[in-house]
Amino acid sequence: MSNLSESFLKLVTIMDDLREKCPWDKKQTVQTLRHMTIEETYELADAITDEDWKGIKEELGDLLLHILFYSKIGTEQNKFTLEEVITGITEKLIVRHPHIYGNVKVNNEEDVKKNWEQIKLREGKRSILSGVPKSLPATVKAMRLQEKAKQVGFEWENKEQVWEKVDEEIGELRSAISNWQSANEKELAIQHKKVEEEFGDVIFSLINYARFLQVDAENALEVTNKKFTRRFTQMEDEATKSGKNLADMNLPEMDSMWNSIKKRH
């Protein structure tokens with residue numbers, strides 16, 4: 001038996017022991033584990049954004065434990081077993097990679113993606129978009145929807161066309177803002193809803209443009225969030241060291257401090 005097999009079976013045994021002997025583990029259900037699994041997934045995403053390989057390894061272990069936990073509960077409920085989970089994904093990968101395990105020819109990764117989506121449709125999916133989870137964060141969901149639509153040819157030819165669409169959407173947003181600002185009290189809510197809609201269209205088109213730049217829009221925004229947090233907390237620290245409070249400073253003072261920090265990092 002290989003070291004990998006021994007390590008995996010040891011972890012399975014530990015999961016069995018915990019489920020039988022630990023009061024906390026015995027109480028868990030698929031419902032109680034759900035939010036913790038989501039949290040672990042976001043912790044993995046954080047580690048990936050930070051390129052923290054030690055953290056990635058640790059979070060992958062946590063997620064693996066959750067997979068075993070769900071499988072253990074599934075076995076107890078006579079719904080499925082761990083073996084069935086493994087067999088299921090194995091068979092799915094074989095079926096969806098006919099260019100590896102069959103005689104289908106592909107030229108590049110785009111051909112692979114197109115084949116993948118067509119196979120899923122033959123498996124009974126009603127829409128090319130049906131595999132996108134409803135609970136995904138909006139930015140990630142927009143990326144997945146666009147990527148899936150691309151597989152049937154619903155895609156711009158080049159990034160210049162996408163940027164023209166961004167410009168068009170920004171123009172529509174400006175028009176909606178103007179209408180909202182000049183609306184009477186009766187129309188105010190309707191016009192504000194239109195602003196929200198047009199703002200969403202701008203974001204959607206920018207995410208589309210990010211794809212053409214081969215930029216992960218979700219990760220790019222998170223990097224900016226982290227950068228803002230780092231610089232803002234530095235600004236708070238420097239204000240405190242100088243005996244000041246940000247709330248008591250005016251905007252030009254804070255802006256000057258911000259620019260100074262920005263130049264250093």
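Residues are numbered from 1 along each chain as its sequence is written, and side-chain values use heavy atoms, with hydrogens and water left out. Because the model is predicted, local features need pLDDT of at least 70 and side-chain atom pairs count only at pLDDT 80 or more, while totals for chains, interfaces and linings use all residues.

Reader: How much space lies in the largest pocket?
Author: A pocket is an open set of points on a 1 Å grid over the protein atoms alone, where a 1.4 Å probe fits, with protein on both sides within 12 Å along at least five of seven lines. Grid points are joined across faces, edges and corners, and the volume is the space filled by probe spheres set on the points. For the largest pocket that space is about 710 Å³.

Reader: Which element gives the largest share of the lining of the largest pocket?
Author: Lining residues have an atom within 4 Å of a point. There are 22 of them, and T41, Y42, A45, P137 and V140 are the closest to the pocket centre. Helices are DSSP runs (H or I, at least four residues), numbered from the N terminus; α3, α8 (138-150) and α11 (217-241) each give two or more residues. The largest share, nine residues, comes from α3.

Reader: How do the residues of that pocket lining divide by type?
Author: Ala, Val, Leu, Ile, Met, Phe, Trp, Tyr, Cys and Pro count as nonpolar, Asp, Glu, Lys and Arg as charged, and the others, Gly among them, as polar. The lining of the largest pocket divides into ten nonpolar, five polar and seven charged.

Reader: Which helix gives the most to the lining of the largest cavity?
Author: A cavity is a set of points where the 1.4 Å probe fits but cannot get out. The structure holds one of 30 Å³ or more, with about 40 Å³ of space in the largest. Its lining is E117, K120, L121, K125, S127, I128, S130, G131 and K148. With three residues, the helix that gives the most is α7 (residues 109-122).

Reader: Which residues of α8 are buried?
Author: α8 has 13 residues and reaches 18 Å from its first C-alpha to its last, close to the 18 Å expected at 1.5 Å a residue (1.5 Å times one less than the number of residues). Its buried residues are covered by elements including α7, α10 (188-212) and α11. Buried means under 20% relative accessible area, exposed over 50%, partly exposed in between (1.4 Å probe, protein chains only). The buried residues are T139, A142, M143, Q146, K148 and A149.

Reader: What does L68 touch?
Author: Contact means heavy atoms within 4.5 Å. Residues up to four places away in sequence are not counted. L68 then touches F8, L11, V12, M15 and L82.

Reader: Is V215 buried, partly exposed or exposed?
Author: V215 lies in the loop between α10 and α11. Not counting residues up to four places away in sequence, V215 touches A210 and A220. With a relative accessible area of 35%, V215 is partly exposed.
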